[in-house]
Amino acid sequence: MRALFINPGLKIKLELKPLIICNLCKRFSISNDGGPSNEGRWRVPQINVKEGQNSRKHEIIKQEVENVCRILETGPWGPTLEKALSSCSEKPHSELVTGVLRRIKNVELAVNYFRWAERASNQVNSRETYNSLLLLMARCNRFDRIEHILEEMSLAGFGPTFETSLELVSTSVRSQKLREAFDLIQTMRKFKIRPAFSAYTTLIGALAGAHKPEHPHLMLTLFQQMQELGYEVTVHLFTTLIRVFARDGHVDAALSLLDEMKSNSFDADIVLYNVCIDCFGKVGKVDMAWKFFHEIKTHGLKPDDVSYTSMLGVLCKAGKMDEAVELFEQMEINKAVPCAYAYNTMIMGYGNAGRFDEAYGLLERQRLKGSIPSVIAYNSLLTCLGKKGKVDEALKIFNEMKKDAMPNLPTYNILVDMLSRAGKLDSALEIQRDMKESGLVPNVMTVNIMIDRLCKANKVEEACSVFRSMDRKICGPNKFTFCSLIDGLGRHGRVDDAYKLYEEMLDCNETPDAIVFTSLIRSFFRAGRKEDGHKIYKEMTRKGASPDLTLLNTYMDCVFKAGETEKGRALFEEIKDRFTPDARSYSILIHGLIKAGFARETHELFYAMKEQGCVLDTLAYNTVIDGFCKSGKVNKAYQLLEEMKSKGHQPTVVTYGSVIDGLAKIDRLDEAYMLFEEAKSVNVELNVVVYSSLVDGFGKVGRIDEAYLIIEEMMQNKLNPNIQTWNCLLDALVKAEEIDEALVCWNSIKELKCVPNIISYSIIINGLCRVRKFNKAFVFWQEMQKQGMKPNGITYLTMISGLAKAGNIYEADKLFERFKLNGGVPDSACYNTMIEGLSVANKASDAYRLFEETRLKGCCIYTKTCVVLLDALHKAECLEQAAVVGAVLREAAKSQHASRAF
C-alpha cells in the first residue's frame, strides 16, 4: 500500500531528473536543522524583487489562490475539475500550491490537488508545499496519512521544518492524541528526520499532565532520544520526569534520574528539591522527603515557603503531627508575614487528626499576625468536620467564616455533601438556596452531589426534580449525573424510567461507561426482566463498550440468581478469557452453583482459586465455607474457619451460622453449641437464622428442652423467633407425639403475632392425624383454606387418610377428588385408606371403582383392604365384583406363600 501511495511520478523524476533533485537539495537541507531554526515562525521563500513588485506579486498570488479555491468548491474531483484547474493555472508554482493547501479543509481534496500540481508542473512539490499538506492532515486528525508524506519527503531529500514538526506535535497534543504524537516523532526518526527540540519538550509536558500508566515509559524514551540527538537537556526537564516517576510510585526510576542528573554535573535547584519532597512524600516515603529537605541547606540553598509547605503536608498526611508542629514553629521564627499556604496545610492536618481546638487556635493566630484566613483554610476545616460527622459545628464555622472570607462554590458543595450524607436533605436544599441568593450558580458537581445523596436516601422523585430543574444553558448534566440517577431509578424498580434516561444520555452525546451498563443490567434482572438485562449487555457490546470485571461479576451474579446456571458458567469462562477472576468472581460462581444444587463443586473451585493466587476476603471465605457445609464436608469448613481467623479475617455471623447449621444437620450438636458460645464470646451479633439452626438440630434428636432454652435465650436477647424457628419446634414436638405441647406452642405463635405459613399448618395437621385426632386436624385444614393457603401433596394425603379413618368419608372423598383435579398423584396408602373408608360406609360400588383405578395405576393393594372390600361387596350383593376381588386376594396369598417358601 505504501508503494502505491507514493507518487509514481516522483520515482521517475528521482531516476531521470537528478538535476531537479540536486537543485532542490541546494535549496533545502536534507535534515531540517540547517541554518537558523527560527522556531515559532513560518519561513517564506525570499523573492529578490523590489518592495513594490513584491507587494504586487503577493496580490497576484492571493487572487490566483482564490480562483483555484473557487474551482475546487464547484464539485467532486474528476477530469472536469482538472481541466478547469489547467485553464486557470497551467503550471502551478510553489507559492500558489502552498496558499491553496493552507485554505483547503478537506484532506482528500488537498491530496488530489497536491498530486495534480505535481503532474502539471512536472516537478517535485516544494518543501513548503509538503509542510502545508502535513499541517492540514494534523489539523484534520488524519495521522494515518502523515507517514506516507514523510516517507516521500525523505526520498526527495528533505524533511519538515522545525516549525512544522513542532506544529504537528502541538496539534496532536491539543486534540489529546498523545499516543499519535509519540508515534509521529518515532516516524520522523524512522525516516532520518530530526524532530524539533520544542516538539520533544511539548510532548513530554503533555504526557506529564495526562496521568496514564504508560506515560512515564514514553516520556523516558523521548528524553533518551533527545540525548541521542545531542539536544541539551535542562534541570527543568529532569524535574518534570522525576515528578512523574515519583508521583506514579516508580521511586527507583526517579532516584536513578536524579543520580543521572548529578553525574551530568547539573546542580539541583530549589524547584527540583520541592518537587522531590512533595512527590516522594505523597507515595509514603517520609524519610526520603526529610532527606531532600535537609539537603537543601547542605547545598547552599534556603528552603522557601513551598519547601516548608510541602514538607508540612507530607508530615500531616503521615500522621506525624508533632514533627509537623515543630517544623511549622521553625518556619515561623523571624517570619514577619505568615505563609497562608503553610497555615492552610496545618489547619487541614489538625482537622484530619481531629484536633479542632488547635485548628481554631491557628486561625486566631493567623488573624493576630495580620493575615486574614482564606476561604481555602475554612474549606479545609469544613471538609474535616464533615468527615468526623460534626455537622452542627461545621454549620457554626460556616456562619463565622463570613467575617473573614466569602464562601465560594466549593464551600457550598462541601456543606451540601456533608448535610446530605448526614441525612439532613432539607438543610442541604436550604444551603443550595442560600448559594443562589449569594449570587453563585450551582455547578454540575453541586447537582451531582444532591442527586446522588437523594437517590441513596430513597428520595428518587426529589432527585428527578433536581435533574429536571437544571438550567442546561448554564449547567448541563455530565455522565456522573446520568449515572447516579439511572442507578437510583433502577434500585427503586423504575427500570423503564432508567432506560429512558439512558437514551437521553445518548442524545446529550454522553458516552455511557461500564458503570451505567452495570446499573441497567442489575436493575432489569432485579425487576424480573432478565431478557431485557441480556439485551442491555448485547447493546453494550454492539456499541463497542468494553465491560470491566465489576460489570461481568454483577452480570454473572444476576444470571445465577435468575436460575440460568449454564449461562452463569459461560460468563465465568468469559471472565477468565478477558481478566483474572478475583475473589468476588469465585464467590459468585460458588454461591450460584450451591443454590443450583452443585455444592459438591465447591472443593474443586476452592483449590482453583488458591492455585491462581487469589486472596480470599471475608465474603469469599463465607461462600466457600457455606459450600463445604452444604456438600457435607463440615470438617473442611471447620478447618477453613480456623484458617480464616489465622489470616486476620474476623468471622461474621454468616460464617458461624453456616458451620453451626452444618454441624446441627449431622447431629454434632455439642460442637455446634460450642461454636455458638464462641461466637457470642467474640461479640458476634447472632441472628434468628443461627438460633433456628440450633432449635432444629436439638428438636430432630428429641432434645426438646434444650430447643426451648435456645428460644428462651433468643427472646431474652430481644430477637423474635420467626415462623421458621417455630416450625422447627413444632416439627420436633409432633415427631415426639407431644401433640398437646404442640398445640400450646401453636397458641404462643398466635399470641406473639407471628403468622403461621403452609408448612406450619402441614406440621400440625400431620401431628393431629398421627394421634388420630382427625376432626381437630380438619378444623386446622379449614382454617388454612380460609387463609388462602394451598396445601402440599403430603398434607392432602394425610388429611384424606385421616378423614377416611374417622369415618367422615364424604369430606374425604371431596378432598380426594379435588387433590386429583389439582394434579396430585395419590399414593398406595391413600388409595387403600379411601377404599376401606368407602367400604365401611357401605359404598361398595364406589370402593370397587377406586379398587380398579388403583390396579390400573399400578399401586399396591393391601390384603386387609381386599378383605374389607370383599365383605362390603357381599353385603351389597355385588357378586361379580366380589369374585374379582376374591381372585386378587387369592393371587396375593399365593404370592406371599411363595415368597416365604423361597
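These legends accompany close-up views of a predicted model.

**View 1. Phenylalanine 223 meets phenylalanine 238 edge-to-face.** Let us start with the aromatic rings, for which a search of the whole structure turns up 27 aromatic pairs. In this one, the ring centres are 5.0 Å apart and the planes stand at 70 degrees, so the pair counts as edge-to-face. The partners come from distant parts of the chain, 15 residues apart: phenylalanine 223 belongs to helix H13 (residues 215–228) and phenylalanine 238 to helix H14 (residues 235–247). Both phenylalanine 223 and phenylalanine 238 are buried.

**View 2. Tryptophan 746 and tyrosine 761 form another aromatic pair.** Here the arrangement is edge-to-face, with 5.0 Å from centre to centre and 65 degrees between the planes. Tryptophan 746 sits in helix H43 (residues 739–751) and tyrosine 761 in helix H44 (residues 758–770), so the pair ties together parts that are 15 residues apart in sequence. Tryptophan 746 is buried, and tyrosine 761 is buried too.

**View 3. A cluster of rings joins Tyr499, Tyr502, Phe517 and Phe524.** As you look from ring to ring, note that the links within this cluster are ring pairs.

**View 4. Arginine 194 lies over the face of tyrosine 231.** The distance to the ring centre of tyrosine 231 is 4.6 Å.

**View 5. Serine 484 is a buried residue of helix H28.** The helix spans residues 479–491. Serine 484 has a relative accessibility of 16%; buried means under 20%, so this residue qualifies. Which residues does serine 484 touch, leaving aside those up to four places away in sequence? They are Ile451, Asp452 and Cys455.

View 6. The structure as a whole holds zero disulfides. Is cysteine 69 buried or exposed? Its relative accessibility is 8%, so cysteine 69 counts as buried.

**View 7. Cysteine 384 is buried, with its closest cysteine sulfur in cysteine 316.**

Methods. Residues numbered from 1 in each chain as written. Predicted model: local features only at pLDDT ≥ 70, side-chain atom pairs only at ≥ 80, totals over all residues. Heavy atoms only, no water. Phe/Tyr/Trp six-rings, centres within 6.5 Å; stacked < 30°, edge-to-face > 60°. Helix = DSSP H or I, 4+ residues; strand = E, 2+ residues; numbered from the N terminus. Buried < 20%, exposed > 50% of the residue type's maximum accessible area, 1.4 Å probe, protein only. Lys NZ or Arg CZ within 6 Å of the ring centre and 35° of its normal. Contact = heavy atoms within 4.5 Å. Disulfide = S-S within 2.5 Å.
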